[in-house]
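Here is a short report on a single protein chain.

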Amino acid sequence: MAMRPPIPSLALSRRWKIALSVVGILIALLIGFTSLTGIYINWLWFGEVGYQGVYRTVLWTKIFLFLIFGVTMALIIGVNLVVAYMLRPPFRPMSAEQQNLERYRVMVEPRKKLVLAGVVVIALFASGLSATGHWQTWLLWLHGSKFGVQDPQFHRDISFFAWDYPAYRLMLGFGFTAVLFALILSVGVHYLSGAIRLQTPGPKITLSARRHLTVLGFVFVSLKAVAYWLDRYGLVFSSRSKFTGASYTDVHASLQAKTILFSIAILIAIGLIASMWLRSAMLPGIGFAVLLILSILISGIYPAIVQQVSVKPNASTKEAQYIGRNIQATRQAYGIVTNTGSNNGPVTYKDYQVNLSPPTSAIKTTDPTVANIRILDPNVLSPTFSQQQAQQKNFYGFPAKLDVDRYTVNSVTRDYIVGVRELSQAKLSGDQTNWINQHTNYTHGYGFVAAQANSDVTANNTYADGNIPQAGVLNDAVPLKVPQEYFGELANDYAIVGAKGAPREFDGDGAAKVTYHGKGGISLGSPLTKLAFAVKYKQTNFLLNNAVSASGGKILINRDPRERVQKVAPFLKVDGDPYPIVDPDTGHIVWIVDAYTTMANYPYSERQSLSDLTSDSLTKNKKTAGQPNSQINYIRNSVKATVDAYDGTVKLYQWDNSDPVLKAWMKTFPGLVAKNSTMPTGIREHVRYPEDLFEVQRSLLEQYHVDDPVTFYNVGDKWTVPSDPAPGATGDQPPYYVLADAPNGTGSQSQFQLTSPMKVNNKSNLAAFITVDSDPGPDYGKMTVLRVPTGSVIQGPEQVANNLFSTDVIAREISLFDQRGSQVVYGNLLTLPIGGTFLYVEPLYVQGANNGFPLLRRVAISYGDRIGYGATLADALADLPAGHSTGESLGSSGGGANSPPPSSSSPPPSGTSSPPAPVNQAAALADLNSAFTQLENAYKSGDFQAIGSAQAQVQKLLQQYLAKYGSVPSGSGTPSSSPSKSK
């Protein structure tokens, strides 16, 4: 008789048991305390902003889902394990297999309750925690209402696919997981107990074990039948073809296959139940095998044959009907429905006959587009604002990207580059970085700064609003009563404010310190609150520091406007670029944040990555926040949110009154989103069309401007977004705001617009120009697409930029500026429809070495087949050859792209002094080198007047030298005249 293998001993000493128990309890307490600390702080924060109801609803929903799904999973698995154990055979035939298993039975038997409890607890927490992540699906299922639109295949309301289908899939997935784990673990228990004997002579499974597993198999196959039935509806999200939605193959093959498999699964499930009273143990296994084989044949191979044999050779005609469904659904879901006679959609297409050689007489200073040409680029001027408006304080700064907004001053509406002078903790240095200074002294920014967008503020330092104390023509029109800014884009850490006693917060220029009196912040009066924050931030000063302990002390957290809105309304996607305004009602700085409702279950609508749709050169360079990499096929700008920069108050306003998704959330969180009509007029005046939504829509319009399904399938007439034409830039050209004449305008009134050119696919030629009305009037959101005639060769932004930068005079000056540590910074290339063609405007900045900042130095323009260039926009317009409008001055003509370089005997331009004429070439070269040295010293000094004078001197000397001697010799120490290849 074979000897039984020795049974390993797992006994632990009493001391080890106590030690392990203590460690386990401490770990559990630490995890529990940390979790409760987070919940407690969140509860306090939501109380601060007045939305504890939101947190309560989400928290209780998560607890409910945790308990329902977790406990159900634990019960299903636990009950099946108990049943499997109870069905163990009283006697087991002796065999080598059973002898080997005996050692494990002996180990498990004394600890069976502990093992069972461990498995059940793991199942409970794993399933419960997984379910809490689907709280949005659950709440939308409970509160969602009808869309009023039916899908074209099953004729069900869209709400079925938006709310019901995801919830059914969630519950079905849970059921599969529970049954599958119960089946696997039950098989393990049956095998360990000897009810399943794979290597033992005689029956391989006991009758009771077989019946138990058959019941689980029956449930599994029944769930599979339900899955097949749901799969039929899931075909409207199919990606089999070149578009999202049920294709020809899906409708004529996959749909029938799913229906057949549903029927077969029902029959197999009935057969499994019937097999419980049969002696054969093979029937359940045969049933599973049959279902698997038929699934492969009917659902996999058959549709593939139809696709290859029937559809692929005639795809454009076979798929035409279904492509039409995709086009219609995508336009509806993304808000790009075409405006036709019978359908009042937001997108109007117009044929734009472009004149390749337009007369410059169309460029009139009285035209709203020309009068408001923006030469200041908000994407590059942050360092300039910081230098000129930081008031010599190292810790003040501006976000990497400034914003464009419009204000009316003296009855004239203009667009402005705006920003908030924020406190940048990244700029603190030395003693400023200790905990007391960082969190209790340097707590806030100060002031609103604005520069008129069509003027050169970099040279004259004349801001429409700014300085300390606040001053400017804009401030006279819209007074800023509370300049302190505690909540902003650079406020990425907590601040402790409001403590009674001597004021300690640095304010403005530091002439006087202040104490925060706003209603924002969480009170630190409670010892429990101090302890919670000490744990959260791992900082003992919360328990020891006087600023924390003093009466009235508060802590400000979640200070970024985007983060604040996202936390209050976690079901929304937040635009990457919040922008500040001055609220005329309160005199506070207020951040406006656009927010979106999205989903990925709109039938037939094209699914895309939100991150990819909104990616451009700004997001790639981290100047604006990117969107999450989530799949969407529906989006609405349903909410406009505001965040008060002083007290942190968050308000949400319903902007899209017809959005069913937002309506469902408003039912879920009553009182969270206010009605559109309650938005204050002072806020409404500054509402604009959001950039991320526009980028999503222009990306879809690349292909979805096409009406004909055959052309769509063959990718005919496709557009693409131009790449950012600035040398060295990566990513797509971002859209830009302009104040210009409306597409349907009469030339008498300006309109705030968000615009973008489009180019022909795989070419650089211009294909279309998209503009959307951003003024909050009756035409807000109306989009106009100017279509260039197909086949015409109109230069797009990339070609225009290349032509500008390779023009002889411009290339020489770029080389001149791009030397001695300085670099050329390229502004955004604006595309403006004027006079039957497009005017392109490119501002060129120069940033000096040693922490220099961009200064506007030149403006280059392209109009038809003409190029203009000058120190100012007026000079560049005047430099356009021929055709100036009669009686209207476009600017003082100066040496530009079309002006011959002056000879050494030519008189200097008006208002400047002529440099002395050099005696010979060596002397001329020496004078030129001396002028460059003076320019470099001027850049280092930061003296704007000296920089301007030095640059004028260099320009005149260089023009004289080139006119007389042709080129600057290499090795002379002067910049090369060849165009720069970098930046």
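Tyr604 is buried, because its relative accessible area is 0%; buried means under 20% relative accessible area, exposed over 50%, and partly exposed in between (1.4 Å probe, protein chains only). Phi of Tyr604 is positive, about 75°, although Tyr604 is not a glycine. The residue sits in the loop between strand 14 (589-599) and strand 15 (608-609). Helices (H or I, at least four residues) and strands (E, at least two) are DSSP runs, numbered from the N terminus.

The model is predicted: local features need pLDDT of at least 70, side-chain atom pairs count only at pLDDT 80 or more, and totals for chains, interfaces and linings use all residues. Residues are numbered from 1 along each chain as its sequence is written, and side-chain values use heavy atoms, with hydrogens and water left out.

Asn558 also has a positive phi, near 50°, in a residue other than glycine. Asn558 counts as buried because its relative accessibility is 17%. Its loop runs between strand 11 (554-556) and helix 20 (561-568).

| Residue | Phi | Relative accessibility |
|---|---|---|
| Asn558 | near 50° | 17% |
| Tyr604 | about 75° | 0% |

From Ile468 to Pro469 the bond is cis, with omega near 0°. Pro469 is placed in the loop between helix 15 (457-460) and helix 16 (473-477).

Now the whole chain. The protein chain has 31 helices and 29 strands. Its C-alpha trace spans about 120 × 80 × 60 Å along the principal axes. Of the 983 residues, 52% are buried. Contacts (heavy atoms within 4.5 Å) can be sorted by sequence separation. Among those with a separation of 6 or more, 69% join residues 24 or more positions apart.

The accessible surface of the chain is about 42100 Å², and carbon and sulfur atoms hold 58% of that surface. Areas come from the Shrake-Rupley method with a 1.4 Å probe; for residues, only the protein chains shown count as cover.

Which residues make the nonpolar surface patch of about 610 Å²? They are Trp60, Ile63, Leu67, Val71, Leu75, Val79 and Val83. Nonpolar side chains (Val, Leu, Ile, Met, Phe, Trp, Tyr) are joined within 5 Å, like charges within 9 Å. Val71 lies in helix 2 (residues 52-86). Val71 counts as partly exposed because its relative accessibility is 34%.

Technical notes: Patches are made of residues with over 30% relative accessible area and no salt bridge: like charges are joined within 9 Å, nonpolar side chains (Val, Leu, Ile, Met, Phe, Trp, Tyr) within 5 Å. A salt bridge is a side-chain nitrogen of Lys or Arg within 4 Å of a carboxyl oxygen of Asp or Glu.
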